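Hi,

Here is the structure I said I would pass on. Have a look first, and my notes follow below.

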Amino acid sequence: MCVWPYQMPIDPLSIALAIIGIVIGGIVKGATGAGAPIVAVPLLAVAFDVPTAVTIFTIPNLISNMWQAWQYREHNLSRRFILPLLIAAFVGAGLGTVMLISLPSEFLTTGVAIGCIAYIAFRLARPDWSLSLKTATRVVAPVGLAAGVLQGAIGVSAPISVTFLSALKLDRPVFIATISAVFVAMSYAQIPLIASAGLMTPTLIVFGFAALGLVLITMPLGAALAQRWSPAVFSNIILVMLAVIALRLLANLF
């Protein structure tokens, strides 16, 4: 085991797991427009711990989603839908980040594992679940709040955010524009609170920008694969990976 600057011990297996998680997350994001945290953060949590995983991935999450939000800015949904969603997600992410800072590591690890299992269970039980935009608009604020809490506390909001927006059956550009804006709003709440708590160390900032580089490099590969593979292929790969990750996280607790 070697010691990196600022006294953070790192072993080769942890580095390998982190790189694998980030690379796969970047490919998934390039292919689908979302999903990088649901793959990368749990694997980073296996390699390190939940606060470290969430902290590392805030930088690539913010910048990659800012890029996509700008790229697809002409495909936003109506303000009546998007504004309550963004405001609620921002508030929820702030609340969740306070939980991240204050709750025991074992509780957070369990939360990540449960989040993975919940996502798998819902996707298997209701693969064709759908919502009308009118119905979704009525519940968008509480959904955004809950998604933000999950994102802030465990770095994984997909069981709520991706599932909710996927149920609207949006066109791919509209889905990417919306989910990217949501992640940007949540990142704006997360980063100042994480930094003020002392989690955003110089080492983790370096790791965060290294992770950003991997995400940006692999996103075009995901976009190319999306032209050849159906969305169901990516969905099934993610579900299998999440099952393995959840079991590994739970095994580490015992």
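Lys 169 sits in the loop between helix 7 and helix 8 (helices are DSSP runs of H or I of at least four residues, strands are E runs of at least two, and both are numbered from the N terminus). Its phi is near 55 degrees, a positive value in a residue other than glycine. For context, most residues other than glycine have a negative phi, and most peptide bonds are trans.

Some housekeeping before the rest. This is a predicted model, where local features need pLDDT of at least 70 and side-chain atom pairs count only at pLDDT 80 or more, while totals for chains, interfaces and linings use all residues. Residues are numbered from 1 along each chain as its sequence is written, and side-chain values use heavy atoms, with hydrogens and water left out.

The overall picture

The protein has ten helices and two strands, and from the N terminus the elements go β-β-α-α-α-α-α-α-α-α-α-α. Of its 254 residues, 51% count as buried (buried is under 20% relative accessible area, exposed is over 50%, partly exposed is in between, with a 1.4 Å probe and protein chains only). The exposed surface comes to about 11,600 Å², with carbon and sulfur atoms supplying 70% of it (Shrake-Rupley areas, 1.4 Å probe; for residues, only the protein chains shown count as cover). If you take the contacts between residues at least 6 apart in sequence, 82% of them join residues at least 24 apart (contact means heavy atoms within 4.5 Å).

Helix 4 against helix 8

Helix 4 (residues 79-102) and helix 8 (residues 172-196) pack at an angle of about 35 degrees, and their axes are 8 Å apart. The axes are lines fitted to C-alpha atoms, for helices over the stretch in contact, and the angles run from 0 to 180 degrees between N-to-C directions. On the helix 4 side the contact includes Phe 81, Leu 85, Ala 89, Ala 93 and Thr 97, and on the helix 8 side it includes Thr 178, Val 182, Ala 185, Ala 189 and Leu 193. In that contact, 17 residues are nonpolar, four are polar and none is charged. The classes are Ala, Val, Leu, Ile, Met, Phe, Trp, Tyr, Cys and Pro as nonpolar, Asp, Glu, Lys and Arg as charged, and the others, Gly among them, as polar.

How does the span of helix 4 fit 1.5 Å a residue? Its 24 residues should span 34 Å, and its end C-alpha atoms are 34 Å apart, which agrees (the expected span is 1.5 Å times one less than the number of residues). The buried residues of helix 4 include Ala 88, Gly 92, Gly 96 and Leu 100. What covers the buried residues of helix 4 includes helix 3, helix 5 (105-125), helix 6 (133-154), helix 7 (161-166) and helix 8.

- Ala 93, in helix 4, is buried at a relative accessible area of 0%. Beyond four places in sequence, Ala 93 is in contact with Gly 148, Val 149, Gly 152, Met 186, Ala 189 and Gln 190.
- Thr 97, also in helix 4, is buried at 0%. Its contacts beyond four places are Gly 152, Ala 153, Gln 190, Leu 193 and Ile 194.
- Ala 185, in helix 8, counts as buried at 10% relative accessibility. Leaving out residues up to four places away, Ala 185 touches Leu 86 and Phe 90.

Elsewhere in the chain

Helix 1 (residues 12-32) has 21 residues and reaches 30 Å from its first C-alpha to its last, close to the 30 Å expected. Among its buried residues are Gly 21, Gly 25, Lys 29 and Gly 30.

Val 39 is in helix 2 (residues 36-47) and is buried at 1% relative accessibility. Its C-alpha is separated by 9.6 Å from that of Leu 239, which lies 200 residues apart along the chain.

Asn 61 is in helix 3 (residues 50-71). Is Asn 61 buried or exposed? Asn 61 is buried, with a relative accessible area of 4%. Asn 61 touches Pro 37, Gln 151, Phe 183 and Ser 187, not counting residues up to four places away in sequence.

Cheers
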